[in-house]
Amino acid sequence: MAEDKPTLTLITGADKGIGFETAISLAKSGQHILLGSRDRNRGQEAVNRIKNAGYHADLVVLDVTNQADIERAKKTVTENNGYLDILVNNAGIALDNHEDAATLSTDTIRKEFDVNFFGTVSMIQAFIPLLKKSKSGKIINVSSNMGSLGLASDPHSKFYNVSSLGYQASKAAVNFATITFAKELADTNITVNSVNPGWTATSFGGRDTNQPTPAGMQSVQEGAQQIIKLASDARNDLNGTFTENDGTLPW
């Protein structure tokens, strides 16, 4: 955190679901939230909810697949704040609907990679200079247990028979990016970690908001818990890890 300044946290895809729960929870703890949203109206509504609750947040209109948006966001944060403490790469999509890999369109896979992987990498590359101005910079990549090669290849794992090639491969790639950036930035003030939120009761998780929460699906508070924990850890001594609420996951 920059001296005498609030912890400044940028969260992508934060106008709903786990992203918004992370945003409002960290705002309640005293952090100043830069709420990233592709949609200006939805984003402003989310920011207003945080402000109306008495906390600090600003909107950053941001599509992580649009390099011009990323550069504009970087310029805005540079001019308005001059630093960034925490980057939470939460924006993500899942489009393949568990279709067999043999028939899944590569166009669908590319769309998933554009958001989940390339969007994450582009955000990290853009904001490293601002994170280096923090005393304790953090990059938190929202990944998935579905991107674990260890779980996917373990016949005893519940993920062994899951087939969602585009989403799973893109999240596995996010994990590799976490490892790579964690090593590259090991001698700096920045840590890089992956987090699995788990199957959460959000529209992204497949929940129809007009229906009861399916059995086994956790609350949005539970889904955001490990992200919030890492973003709130003043020690900042974890680097290059893949964790969830229950502990460490296999890569």
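Trainee: Is the crossing of α3 and α4 right-handed or left-handed? Please take the surroundings of α4 along with it.

Mentor: The model is predicted, with local features needing pLDDT of at least 70 and side-chain atom pairs pLDDT 80 or more, while totals for chains, interfaces and linings use all residues. Residues are numbered from 1 along each chain as its sequence is written, and side-chain values use heavy atoms, without hydrogens and water.

Helix α3 covers residues 67-80 and helix α4 residues 106-131; helices are DSSP runs of H or I with at least four residues, numbered from the N terminus. The axes of α3 and α4 come within 10 Å and cross at roughly 20°. Axes here are lines fitted to C-alpha atoms over the stretch in contact, and angles run from 0 to 180 degrees between N-to-C directions. The angle makes α3 roughly parallel to α4, a label for angles under 35 degrees.

In this contact (heavy atoms within 4.5 Å), the α3 residues include Q67, I70 and V77, and the α4 residues include S122, M123 and L130. By class, the contact of α3 with α4 has 8 nonpolar, 3 polar and 1 charged residues; Ala, Val, Leu, Ile, Met, Phe, Trp, Tyr, Cys and Pro count as nonpolar, Asp, Glu, Lys and Arg as charged, and the others, Gly among them, as polar. Leaving out residues up to four places away in sequence, S122 touches Q67 and I70. S122 is buried at a relative accessible area of 17% (buried is under 20%, exposed over 50%, partly exposed in between, with a 1.4 Å probe and protein chains only).

Helix α4 also meets helix α6, residues 165-184: their axes come within 7 Å and cross at roughly 20°. That makes α4 roughly parallel to α6, and this crossing is right-handed. On the α4 side the contact includes F113 and F117, and on the α6 side Y167 and F181. The contact of α4 with α6 has 13 nonpolar, 5 polar and 2 charged residues.

F113 and F117 are 4 residues apart in α4, so about one helical turn separates them. Ring pairs link F113, F117 and F118 into a cluster; rings of Phe, Tyr and Trp (its six-membered ring) pair if their centres lie within 6.5 Å, with planes under 30 degrees apart stacked, over 60 edge-to-face and the rest tilted.

Methods. Helices (H or I, at least four residues) and strands (E, at least two) are DSSP runs, numbered from the N terminus. Angles under 35 degrees count as roughly parallel, over 145 as roughly antiparallel, 65 to 115 as roughly perpendicular and the rest as oblique. A crossing is left-handed if the near helix is turned anticlockwise from the far one by less than a right angle, and right-handed if clockwise.
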